[in-house]
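Subject: Structure for you to look at

Hello,

Here is the structure I said I would pass on. My notes follow below it.

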Amino acid sequence: MLGAAEEAYLASNKKSWDEEAPRFFGRTALPVYGPFLPTESDLRLFGDVTNLKVLEVGCGSGHSLQYMASQGAAELWGIDLSDTQIVAARGLLSECKGIVNLFQGAMEKNPGIPTEYFDIVYSIYAMGWTVDLPSTLNHLHSYLKPGGKFIFSWEHPLHSRIEQSGDRLIVAKSYHEEGPQQCEPWDSPAIMNQLKLGTYINALIEAGFQIEKVVEDAVFEEDVQSSTPASWYSYQKASLIPPAFISSARKGEATGFPTLTKLGVDCDDQRLWRRVLENQPA
Ligand SMILES: C[S@@+](CC[C@H](N)C(=O)[O-])C[C@H]1O[C@@H](n2cnc3c(N)ncnc32)[C@H](O)[C@@H]1O
């Protein structure tokens, strides 16, 4: 259950995304992961998706799902907070063969998505919008089959804390401070939780993911050095600190052992039972 503050952030973010969505249609979509990041064609984190069931979280206008269809994915599922985005995605994906299932809803809740069902759950530049990272990750973990992949990209937590001032970078906000903040480049209300990279990594581990790769590299096209430093993501800044990152993780394989805490076994009994289950002398 989300608190009243989180519900209020979701409501105002939804209103803003419904109004602002058209200027983002297709802007950050696979094979692109985000500004200055290596692409999926470079990294091949998804591997062969032929006949796989995929779910995109914060699917926006559906351009990444369209890319998944072009790569042979069998089922395209998506969830997004914004009605405007879901309407755009429905239009874009109407020609796709195979199953398409799109939900308008918040990633912090399950609007009817099947559990233990997906080969891959992914999110391209949307995870930082969650108002409750642990509950979002618990849901995403539950949607995956054992061994399934969860891949996401997002703005690097250093990026908004460090500002460009002429040809120098200055620390504008403490890296240690976390919590809800107005997203700076937006004029309308847009509240996102400013977190640390370690918070994302620890939350993934706590939700039961095994992290396989974290990418913080920035890559530059030859002509990019002539770009102006005025934009939110500039070459000048990206050449010094990472503008974005990618995480690739896996849901652990099922062991076949019952979870002892779920059986109501207390701590000392757990040690005894584990030895019994693992066939060791007590
Ligand atoms: C930068 S866009 C992602 C764009 C997407 N990759 C594409 O190809 O169009 C971020 C998306 O996250 C969605 N979003 C924001 N908060 C959300 C939430 N709490 N739950 C689900 N989606 C959310 C927004 O509506 C928006 O479509």
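**The ligand and its surroundings**

A polar backbone atom of Thr 28 lies 2.9 Å from a nitrogen atom of the ligand. This is a polar contact, meaning a pair of N or O atoms within 3.5 Å; within protein, one must be able to donate a hydrogen and the other to accept it, and residues adjacent in sequence count only if both atoms are side-chain atoms. Met 107 also has a polar backbone atom 2.9 Å from a ligand nitrogen, and for Ser 61 the distance from a polar backbone atom to a ligand oxygen is 3.1 Å. Taken alone, the ligand exposes 600 Å², and the protein buries 98% of that (Shrake-Rupley method, 1.4 Å probe; for residues, only the protein chains shown count as cover). There are 22 residues around the ligand, and Thr 28, Asp 80, Gln 85, Met 107 and Ile 124 come nearest (near means a heavy atom within 4 Å).

Before going on, note that this is a predicted model: local features need pLDDT of at least 70 and side-chain atom pairs pLDDT 80 or more, while totals for chains, interfaces and linings use all residues. Residues are numbered from 1 along each chain as its sequence is written, and side-chain values use heavy atoms, without hydrogens or water.

**Aromatic rings**

The whole structure holds 19 aromatic pairs (rings of Phe, Tyr and Trp, the last by its six-membered ring, with centres within 6.5 Å; planes under 30 degrees apart are stacked, over 60 edge-to-face, the rest tilted). Tyr 117 and Phe 118 are edge-to-face, because their planes stand at 80 degrees, with ring centres 5.1 Å apart. Phe 118 is buried at 0% relative accessible area, whereas Tyr 117 is partly exposed at 22% (buried is under 20%, exposed over 50%, partly exposed in between; 1.4 Å probe, protein chains only).

Tyr 125 and Tyr 233 also pair edge-to-face, at 6.4 Å and 70 degrees. This pair links distant parts of the chain, 108 residues apart. Tyr 125 is buried, at 16%, and Tyr 233 is partly exposed, at 23%.

Elsewhere, ring pairs join Phe 150, Phe 152, Tyr 200, Phe 209 and Phe 245 into a cluster.

**Charges over rings**

The charged end of Lys 53 sits over the ring of Tyr 117, 4.2 Å from its centre (NZ of Lys or CZ of Arg within 6 Å of the ring centre and within 35 degrees of the ring normal). Arg 23 has its charged end over the ring of Trp 186, 5.4 Å from the centre.

Regards

Note on methods: Helix = DSSP H or I, 4+ residues; strand = E, 2+ residues; numbered from the N terminus.
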